[in-house]
Amino acid sequence: MHDGLATRLELLTGIEPGPQVVADALAAQRQRLLALLRTLDDQQWQTTSRCTEWTVHETVRHLVDVLHLSTAKYRHEPAVFEFEVPLDPRTEPRRWLERSAGQSSNETVAAFESAAAAEHVAFARLGSEGGDEQLMGAYGPLHWSVLGAHVFWDGWLHERDIVVPLGLPHESTIAEDRLAALYGLAIASLMSTFMGVPLAMTIELTGAACALYEIDAKDPSATIVRVATDAREADLRADLRAAVDFFAGRGDPSDLETIVDGRTDVAEPLTRLRTVMVPAS
């Protein structure tokens, strides 16, 4: 992600006091999802998730792999597994699942619990050390706390990929929704600048974590998203969870007008992230 998103999470002024919010959000999301997984029956495990190539079980197996990969980065260790042939998740989503082929749901729950505990310890160590260390993210090096925000956002989305098809509520906290919105808007804005389209706009996101979010994305090295502290008219309006979902590739791409209230030409650059996300509907 280059130096985009600034490089320090503290520069997203909607997140205070910075990395601790990410640590708290990661812990809350993992604990809540683990509690849910322990209640699922066989039919629910085999339900198709919003990532339409994966069942609920396969989505959780993918999350375990992500936990292993991110924790290795926090620990400065080699990746715990690598693909012999580079993986394109957009066209080969099932290759993500090779490592855990044949795993039972009980084994997956145990693997998730163990991986989440290891992630918590490794991220807490970085927090106690502080500093400006950068780690390699999906689109380049970035501050370790921003990598944590990326991993949280991915987990928040995949939790929704699981609970929405099962007809269950997504019980994330206001702080989690706020972090998911800030990071989701930031990475969507960054992708727009990668494609040569700078952004300067405000979007009012409604729901429990309602706020006016200000986007200032001149280029990949200068992308800032923050909660506006002054009162002004928003360029766009949308439900927070629906917008974060949509910009990350969930739902039909033709639904932009129903998701966002405002000029579609203003909102369209935020949809560029959809082109690089795992297909979902």
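The report below takes the chain as a whole, then its sheet, and then a pair of helices.

This is a predicted model, and its chain holds nine helices and seven strands. Of the 281 residues, 53% are buried, while the accessible surface comes to about 12,000 Å², with 52% of that area belonging to carbon and sulfur atoms. Among contacts with a separation of 6 or more, 70% are between residues 24 or more positions apart.

Five strands form an open sheet with mixed pairing, in the order β5-β4-β3-β6-β7. Because β5 and β7 stand at the edges and each has a single partner strand, one side of each is left without a neighbour in the sheet. Within the sheet, β3 and β6 pair in the parallel sense over four bridges, and Ile203 has Leu236 in β6 as its bridge partner. Helix α7 lies across β3, β4, β6 and β7, and runs at about 100° to β6.

| Strand | Residues |
|---|---|
| β3 | residues 199-206 |
| β4 | residues 211-219 |
| β5 | residues 222-227 |
| β6 | residues 236-239 |
| β7 | residues 260-261 |

Elsewhere in the chain, helix α5 (residues 144-166) packs against helix α6 (residues 174-194) at an angle of about 105°, with the two axes 9 Å apart. That angle makes α5 roughly perpendicular to α6. On the α5 side the contact includes Phe152, Trp153 and Trp156, and on the α6 side it includes Leu179, Tyr183 and Ile187. By class, the contact of α5 with α6 has nine nonpolar, two polar and two charged residues.

Conventions:
Residues are numbered from 1 along each chain as its sequence is written. This is a predicted model: local features need pLDDT of at least 70, side-chain atom pairs count only at pLDDT 80 or more; totals for chains, interfaces and linings use all residues. Side-chain values use heavy atoms; hydrogens and water are left out. Axes are lines fitted to C-alpha atoms, for helices over the stretch in contact, and angles run from 0 to 180 degrees between N-to-C directions. Helices (H or I, at least four residues) and strands (E, at least two) are DSSP runs, numbered from the N terminus. Angles under 35 degrees count as roughly parallel, over 145 as roughly antiparallel, 65 to 115 as roughly perpendicular and the rest as oblique. Contact means heavy atoms within 4.5 Å. Ala, Val, Leu, Ile, Met, Phe, Trp, Tyr, Cys and Pro count as nonpolar, Asp, Glu, Lys and Arg as charged, and the others, Gly among them, as polar. Two strands pair if DSSP finds at least two bridges between them. Buried means under 20% relative accessible area, exposed over 50%, partly exposed in between (1.4 Å probe, protein chains only). Accessible areas come from the Shrake-Rupley method with a 1.4 Å probe; for residues, only the protein chains shown count as cover.
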